[in-house]
Amino acid sequence: MPTPTTNTRRCTTMAMVPPRPLPSGRGTTERGPGAKGRSERPGGVKPPSVPPLLLKGAGPAPAACRGPSPRAMMWLWRAGRGLLRRGHGGAAPRRGAEVLVSAAGGESSGIAEILMNRPHARNSLGKVFVNELFSALEQLRFDEKVRVVVFKSEVKGVFCAGADLKERAQMDDAEVGHFVKRLRNLMDEIAALPVPTIAAIDGYALGGGLELALACDLRVAASSAKMGLIETTRGLLPGAGGTQRLPRCVGIGLAKELIFTGRQIDGQQAASIGLVNHSVPQNNEGDAAYQRALTLAKEILPQAPFAVKMGKLAINRGMEVDIASGMAIEGMCYAQNIPTRDRQEGMAAFREKRLPLFTGK
């Protein structure tokens, strides 16, 4: 696959998202009889110290290049500890009118699928559809058995057609603004899933549909699939992350060209510019991208789950800051991995010349 187009990046500040509370509503610190207080750390592990360059009084830095604050770095530490401590049971299939959450078994155990099934509206982003996607994400977020999530359409020839314009036409201006903000939050929730996510694009992914795919970590497309941020052809502009995630994916120049023209491209073209990781010829069943996505997910499954999660966190946060701050973030994430059983298992497997068996602990 040709090398994706890249651009020189400016330093930007890192907008840290506060940690999501556990279902109990008490954050990442458990309470109750015998529970440790907020100032105590499980296992006697102390939070890593914040690198000097991130402390107050370490000297001024350009406003656009200042790294994460000490409070933000502490959040990274807590996020890592939270990933180790969470566990709310396996993800059982949840049937809804338009979304199905499915957990694979056998050799694919650990792969969860979010199946989009709104055939009468080509999986467009209507209110019910969006609500069910939020519920699916919430269900998977705290399931420690899930190691990879695949987004797949149950509607042949379509991944997601974008906004439900018929439903949108019945909203007033205030309602439109509120709903688009909710869509933006949905894409942020997809991006914030702690495990790797893969979009299997076997058909049209237009407007909000492509924004959904862009919120995933990896994308696989059938060569015949059609993708585009086509909002300008409808008197709109991308409002659910497209103007931010597309240039980070393909570069500023290409992103502007695709958004300004509203152009649609196929899977092969998308692969050539780095919009998707892989492009595959469509098969007779119409699920070639899904099959390739499953193969990719199975490559991820044997790897250490917590290390993969920390790698994702380090990349996502580090891309938003200057490299010095990014290196500090990497160090914070690495520190979370040092006391894990998986790291010890990996070292033992290497010494004993066997395959490691990672548990995510």
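This is a predicted model: local features need pLDDT of at least 70, side-chain atom pairs count only at pLDDT 80 or more; totals for chains, interfaces and linings use all residues.
The side chain of Ser-153 reaches the backbone nitrogen of Val-155 at 2.9 Å.

Residues are numbered from 1 along each chain as its sequence is written, and side-chain values use heavy atoms, with hydrogens and water left out.

Ser-153 belongs to strand β4 (residues 148–153). Helices (H or I, at least four residues) and strands (E, at least two) are DSSP runs, numbered from the N terminus. Ser-153 is buried, at 12% relative accessible area. Buried means under 20%, exposed over 50%, and partly exposed in between (1.4 Å probe, protein chains only). Leaving aside residues up to four places away in sequence, Ser-153 touches Met-116, Asn-123, Val-158 and Phe-159. Contact means heavy atoms within 4.5 Å.

**Positive phi**

Most residues other than glycine have a negative phi. Which value does phi of Arg-122 take? It is near 55°, a positive value in a residue other than glycine. Arg-122 sits in the loop between β3 (111–116) and α2 (127–141). Its relative accessibility is 40%, so Arg-122 counts as partly exposed. Lys-353 is not a glycine either, and has a positive phi of about 55°. Lys-353 is found in the segment after α12 (341–352). With 79% relative accessibility, Lys-353 counts as exposed.

**Helix pairs**

Axes are lines fitted to C-alpha atoms, for helices over the stretch in contact, and angles run from 0 to 180 degrees between N-to-C directions.

| Pair | Axis distance | Angle |
|---|---|---|
| α5 (208–215) and α6 (242–250) | 10 Å | about 55° |
| α10 (305–318) and α11 (323–337) | within 9 Å | roughly 165° |

The angle in the table makes α5 oblique to α6. Angles under 35 degrees count as roughly parallel, over 145 as roughly antiparallel, 65 to 115 as roughly perpendicular and the rest as oblique. The crossing of α5 and α6 is left-handed. A crossing is left-handed if the near helix is turned anticlockwise from the far one by less than a right angle, and right-handed if clockwise. From α5, Glu-211, Leu-214 and Ala-215 meet Gly-242, Arg-245, Leu-246 and Cys-249 of α6. The residues of this contact of α5 with α6 divide into 4 nonpolar, 1 polar and 2 charged. Ala, Val, Leu, Ile, Met, Phe, Trp, Tyr, Cys and Pro count as nonpolar, Asp, Glu, Lys and Arg as charged, and the others, Gly among them, as polar.

α10 and α11 are roughly antiparallel to each other. Their crossing is right-handed. α10 contributes Phe-306, Ala-307, Met-310, Leu-313, Ala-314, Arg-317 and Gly-318 to the contact, and α11 contributes Gly-326, Ile-329, Glu-330, Cys-333, Gln-336 and Asn-337. By class, the contact of α10 with α11 has 7 nonpolar, 4 polar and 2 charged residues.

**Whole chain**

The protein chain has 12 helices and 11 strands. Of its 361 residues, 47% are buried. Among contacts between residues at least 6 apart in sequence, 71% join residues at least 24 apart.

Key:
A polar contact is a pair of N or O atoms within 3.5 Å; within protein, one must be able to donate a hydrogen and the other to accept it, and residues adjacent in sequence count only if both atoms are side-chain atoms.
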